[in-house]
Amino acid sequence: MKRTCTLFLLVVLCLVFSGLSLSFAEPLDAFKGEKGTVKISGGTAHIPVMKETARLIMTANPDIRITIAGGGSGVGIKQVGEGLVDIGNTGRKPTDDEIKRYNLKLFMWAVDGVALIVNPKNKVRSLSKAQAADIFSGKIDNWKALGGEDRKINLYTRDEASGTREVFWEKALGKGNIAKSANVVVSNGAMKSAISQDPYAIGYVSVGHIDKTVVPVAFDGVEPTIATVKSGKYAVSRGLYSNTKGDPAPLTKKFLDLLFTGEGQKIVTANGFIAVK
Amino acid sequence: MRAVKETAVERALLLSTIVSGSITLIIFGFMLFMALPLLGGGKIFQIFVGSWSPGDGSYGILPMTVGTLAISFLSVTISFPMSIGCSSFIGVLGPKRSGRYLKRIVQMMTGIPTVIYGFVGIFLLVPIVRGLASGGSGMSVITAALMLSVLISPTMVLFFNDSFERVPASYLDAADGLGASNVQKLVYVVLPNAKKGIIIGLILAFGRALGDTLVALMIAGNSTQIPGSVFDSARALTAHIALVIAADYESLEFKSIFACGMVLYLFATAIVIGVRYFAFTDRETR
């Protein structure tokens with residue numbers, strides 16, 4: 001009796017695993033027999049999706065090596081343009097000048113929002129566009145004016161090469177000034193850990209990065225969620241781009257194609273971004 | 001035959017000297033050349049004394065220069081008394097055995113990567129400083145200076161210690177003969193004789209603080225204002241280079257890092273000259 005039980009369990013397990021591999025098999029078939037490396041760098045918002053996709057491919061075919069580095073959108077464009085990497089990710093559309101200079105091909109595989117975040121201890125949950133602009137320009141420098149504690153506001157912003165910063169600055173602040181006293185951090189992850197440590201902080205991250213350690217702030221009355229970004233109600237949004245210099249090489253092309261399949265777009269959604277297909 | 005060989009060797013050595021010597025000059029020339037678009041057009045003054053606001057076309061690096069100097073001076077000021085005390089304990093005051101162990105620990109400290117100090121700073125020091133100064137984010141000049149002072153103290157301690165050991169034993173014996181206590185020996189014999197080593201160690205440690213990137217980048221806050229107090233967030237020159245290097249190659253922001261490099265280069269030169277000066281004058285007076 002016991003033995004039949006074990007046997008039954010084994011069969012079930014086999015079925016489950018074959019089922020799993022079946023569901024992945026189709027889009028990953030393209031990688032059969034392939035060999036080589038794909039080097040990726042650039043936008044930090046892209047990294048979770050890139051990692052998961054790369055893991056899928058590399059488990060299916062250990063002969064393929066995919067390396068993923070951050071650095072920010074500026075680094076992505078620069079390195080792909082110089083031929084140092086195969087894919088340069090950007091959290092903004094590359095400028096016409098950049099596209100022309102490096103002959104870039106763009107692949108937009110997801111949409112993302114940039115949200116204001118505060119520490120969970122902070123009571124402020126909603127800001128208007130004017131308030132946000134005043135906070136970041138330094139005009140409002142105390143939480144009291146916004147219904148919070150009587151403490152100075154600690155501003156956090158991103159470095160000059162950040163696509164997240166560019167989108168936030170353009171669409172949320174209307175290209176307004178960012179105060180010189182603002183602290184500067186170098187990635188979405190660093191922003192999140194800085195805000196989660198500092199009860200009087202305000203900063204901004206990609207919606208996909210928001211978790212329990214920080215609290216998103218409604219912007220002009222709209223909560224930054226996947227639904228609101230998707231419907232276009234939440235205005236501070238951007239495309240996530242992967243760029244190649246000229247037409248991508250065959251293996252790189254297959255990697256990019258995978259991002260646009262159902263499987264790839266599932267990973268996109270699972271990481272808090274909005275699928276394009 | 002011999003003479004020919006000798007001149008050949010001499011020439012070869014001279015050539016390699018010229019090459020290695022000129023590389024440092026070439027680097028400076030390269031930085032100057034790359035910074036030219038920024039320095040040209042009569043804006044050279046603007047770069048070194050102006051403020052940083054790329055939005056208005058102002059790429060001044062004064063805030064970063066001030067940030068670097070503030071952080072390094074403060075860290076040396078904090079670190080110097082600690083290091084003197086530590087090396088006095090190792091060399092003169094403490095029991096031989098514990099002194100030896102302490103020295104081992106200090107030697108080990110030199111090998112810790114700076115990123116570790118940065119991490120410890122973020123998770124331990126930043127919240128403490130935030131609690132101390134109401135209204136700050138905790139990322140400030142003082143936070144970075146405190147962490148840097150830990151980072152540079154091994155340099156100082158080991159250098160001081162070496163110069164303590166070079167004090168002739170006969171001097172110490174003489175002091176012993178006169179019935180001097182350990183403290184008297186330290187104050188009247190060891191410290192005055194080790195003055196040269198102390199000053200050189202101090203300058204070298206200052207150089208290390210000046211050149212460190214990660215600690216400043218991780219915990220000084222990186223804001224582009226000129227820090228008004230030690231509790232203000234500030235950006236060091238090195239951190240500025242690290243932050244802007246990702247920007248578009250062709251942009252003026254990117255060019256500004258060469259100006260930063262030049263300022264750092266000049267600081268380093270001043271440090272080398274300082275060390276040389278002290279090492280040299282001391283030999284002459286003796």
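Mentor: A salt bridge is a side-chain nitrogen of Lys or Arg within 4 Å of a carboxyl oxygen of Asp or Glu. What you see above is a predicted model, in which local features need pLDDT of at least 70 and side-chain atom pairs count only at pLDDT 80 or more, while totals for chains, interfaces and linings use all residues, and side-chain values use heavy atoms, with hydrogens and water left out. Residues are numbered from 1 along each chain as its sequence is written, whereas chains are lettered from A and ligands numbered from 1 in the order in which they are written.

Trainee: How many salt bridges does the structure hold over all chains?

Mentor: Side chains of opposite charge can pair when their charged atoms come close. One of the pairs is A:Asp29 with A:Lys32, whose side chains meet at 3.4 Å, N to O. Over all chains, the number of salt bridges is 15.

Trainee: Which residue forms a salt bridge with A:Lys254?

Mentor: The closest N and O atoms of this pair are 2.4 Å apart, and the partner of A:Lys254 is A:Glu34. The two lie 220 residues apart in the chain, with A:Lys254 in helix 9 (residues 250-260) of chain A and its partner in the loop between helix 1 (2-28) and strand 1 (36-42); here helices (H or I, at least four residues) and strands (E, at least two) are DSSP runs, numbered from the N terminus. The residue asked for is therefore the one that meets the N-to-O rule of 4 Å, namely A:Glu34.

Trainee: Is A:Glu34 buried or exposed?

Mentor: Buried means under 20% relative accessible area, exposed means over 50%, and partly exposed lies in between, with a 1.4 Å probe and protein chains only. A:Lys254 has a relative accessible area of 24% and is therefore partly exposed. A:Glu34 has a relative accessibility of 18%, so A:Glu34 counts as buried.

Trainee: Which residues outside its sequence neighbourhood does A:Asn183 contact in chain B?

Mentor: A:Asn183 is found in strand 7 (residues 183-185) of chain A, and it is buried because its relative accessible area is 3%. Contact means heavy atoms within 4.5 Å, and neighbours within four places in sequence are left aside, which leaves A:Leu155, A:Tyr156 and A:Thr157 among the partners of A:Asn183. In chain B, the contacts of A:Asn183 are B:Ser137, B:Met139, B:Gly221, B:Ser223 and B:Ser233.

Trainee: What area is buried between chain A and chain B?

Mentor: Buried area is the accessible area (1.4 Å probe) that two parts lose on being put together, summed over both. In this model, 24 residues of chain A are in contact with 29 residues of chain B. A:Lys78, A:Glu160 and A:Lys180 supply 30% of the area that chain A buries against chain B, more than any other three residues. Carbon and sulfur atoms give 50% of the area buried between the two chains, which is about 2100 Å².

Trainee: Which helix gives the largest share of the side of chain A that touches chain B?

Mentor: Across this interface the rule finds one salt bridge, and A:Asp198 forms a salt bridge with B:Arg130, the closest N and O atoms being 3.7 Å apart. Several elements of chain A each supply at least two residues to the touching side, including helix 4 (96-102), strand 6 (154-158) and helix 7 (188-197). The largest share, four residues, comes from helix 3.

Trainee: Which strand of chain A pairs with strand 8 in the antiparallel sense?

Mentor: Strand 8 (residues 201-206) of chain A has six of its six residues buried, so it is largely enclosed by the rest of the structure. Two strands pair if DSSP finds at least two bridges between them, and two bridges join strand 6 of chain A to strand 8, which run parallel, with A:Leu155 having A:Ile202 as its bridge partner. A:Ser206 in strand 8 is the bridge partner of A:Val114. The antiparallel pairing, over five bridges, is with strand 4.

Trainee: How many bridges join strand 4 and strand 11 of chain A?

Mentor: Strand 11 (residues 237-245) of chain A has eight of its nine residues buried, so it is largely enclosed by the rest of the structure. Three bridges join strand 3 (residues 87-90) to strand 11, which run antiparallel, and A:Asn89 has A:Ser242 as its bridge partner. A:Leu106 stands opposite A:Asn243 in strand 11. Strand 4 and strand 11 also pair in the antiparallel sense, and the number of bridges is nine.
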